[in-house]
Amino acid sequence: MKKAAKLTLGQLYTPSTVYSSRTSYTSNPWLEPDEHQSNFLTGRELLIADMPVIVHDASVTDKLETLFSLVDQKVPDNLYRFNSKETYESLIQRLARQEDKKIYFQYVHGDDVLSPMHYALDKDIFIALNNKSRIEEWTDGNFMPEREIVEIADVDARVKEWDFPFVLKPGDDLPTAGGYGVMICYNDEDLDKAIKRIHAAEDETDTIIIEQMIEAKENYCVQFAYSESLGVTYIGSAKQLTNAYGFYNGNVNAINVPEKVVEAGRKIMEIGVEKGFYGVAGFDLLEDHNGDVFAIDLNFRQNGSTSMLLLEPYLTKGYHKFYSYIAKGDNTKFFKAIQTFIKKGVLYPLSYYDGDWYQDRHVNSRFACIWHAETEEAVDAHEAAFLKAIE
């Protein structure tokens, strides 16, 4: 029997829908990936898409074809390509206005780029569900850490009432990712840095969330999909790898996730669906040492580890790790090492951003992947060897 993904995005959206995972070119103080990172992300969901995808030219060169061929996959042919801000924005405008396509955005874009009428998922619903200050609404008041939402002008005074450690987050509609908008404060030095960032964003942010820092036993990203025909479907959970300050360092597959964690996620998904959401969502749920569950972030969008969960049938049973890498100046060495470990059967390619596509300057290539082996120790050993090979 031929292997297949657990689910594809094409099963969730109408045939007239086109998917874009790129952040807007418009600046945002809480989400600052560089242009190459944003372009790189456009290729991340190609193997789970099964639908038209907007993708940067550098993410679909012959090198991606080579990597996919090593795992008996092909680059989809239903792609819309761009290579600059101008070509990206003109592309989505043409698709929407002239070809009557609906765009399913991973991140909202300004109305000056595209009118909300062309969104596949209602823009207001999407913004509301991803607003961190409104988590209590989407959890029905459950699973909440102690928190306070304050006007940005009042932050300096209000934080004095809190004991370290605590977390500061933007409480508005601006998207964040990878922990960039999360400011964990362990001491006065951390707080001073956070306050400077907050005041630098005063023109674009009105409120800040002050939140209890949970001492987590486990940090899960619990993921669900929904369409009318499918209903609310649990697609799996990943454990999140973060440093002490909450910055994202990849995911590993979660085995034997407590049922109460899954059910907490299901309840949140059902509330989102009631409000009009459909598609894939992942919720950051912490389990503390008392076994209590806390919702610290709700991502009503694809997550970095979504592909890892949906492509599980293709992977070695055991330990899976999603991560991405950047070449260290030598793109040829980088690409050769990637091929070596794919051929070993321990590395599954998701996307490749070809720095050599740029002929006028040097750009480091980037690669998103899934490590897969029977044990964590085996994956760690292979990853260490890979990192040594690309030095």
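**Strands, helices and a buried aspartate**

Mentor: In this predicted model, Tyr353 has Arg366 of S16 as its bridge partner. Six bridges in total join S15 to strand S16, residues 366–373, and the two run antiparallel.

Trainee: Why are S15 and S16 said to pair?

Mentor: Pairing requires at least two bridges between two strands.

Trainee: What makes S11 and S14 a pair?

Mentor: Strand S11, residues 248–253, and S14 share two bridges in the antiparallel sense. The cut-off is at least two, so S11 and S14 count as paired. Val252 stands opposite Lys321 in S14. S14 also pairs with S16, over eight antiparallel bridges, and there Tyr323 stands opposite Cys369.

Trainee: Which strands form the open sheet, and in what order?

Mentor: Eight strands take part, in the order S13-S12-S9-S10-S11-S14-S16-S15, with antiparallel pairing. The twist from one strand to the next averages 25 degrees.

Trainee: Why are S13 and S15 called edge strands?

Mentor: Strand S13 (293–299) and strand S15 (347–353) each pair on one side only. Strands of a sheet pair through backbone hydrogen bonds, either parallel or antiparallel.

Trainee: Which strands does helix H11 lie across?

Mentor: Helix H11, residues 331–343, lies across strand S14 (319–326), S15 and S16, and runs at about 155 degrees to S15.

Trainee: How do you know what span is expected of helix H9?

Mentor: The expected span is 1.5 Å times one less than the number of residues. Helix H9 (259–275) has 17 residues, which gives an expected 24 Å, and its first and last C-alpha atoms lie 25 Å apart, close to that value. The residue following H9 is Gly276, whose phi is positive, near 120 degrees.

Trainee: What do the buried residues of H9 pack against?

Mentor: The buried residues of H9 include Val261, Ile268 and Met269. Their packing partners are helices H5 and H6 and strands S9, S10, S12 and S13.

Trainee: Why does Asp354 count as buried?

Mentor: Buried means under 20% relative accessible area. Asp354 has 3% relative accessibility, and therefore counts as buried. Asp354 is placed in the loop between S15 and S16.

Methods
Residues are numbered from 1 along each chain as its sequence is written. This is a predicted model: local features need pLDDT of at least 70, side-chain atom pairs count only at pLDDT 80 or more; totals for chains, interfaces and linings use all residues. Side-chain values use heavy atoms; hydrogens and water are left out. Helices (H or I, at least four residues) and strands (E, at least two) are DSSP runs, numbered from the N terminus. Axes are lines fitted to C-alpha atoms, for helices over the stretch in contact, and angles run from 0 to 180 degrees between N-to-C directions. Contact means heavy atoms within 4.5 Å. Buried means under 20% relative accessible area, exposed over 50%, partly exposed in between (1.4 Å probe, protein chains only).
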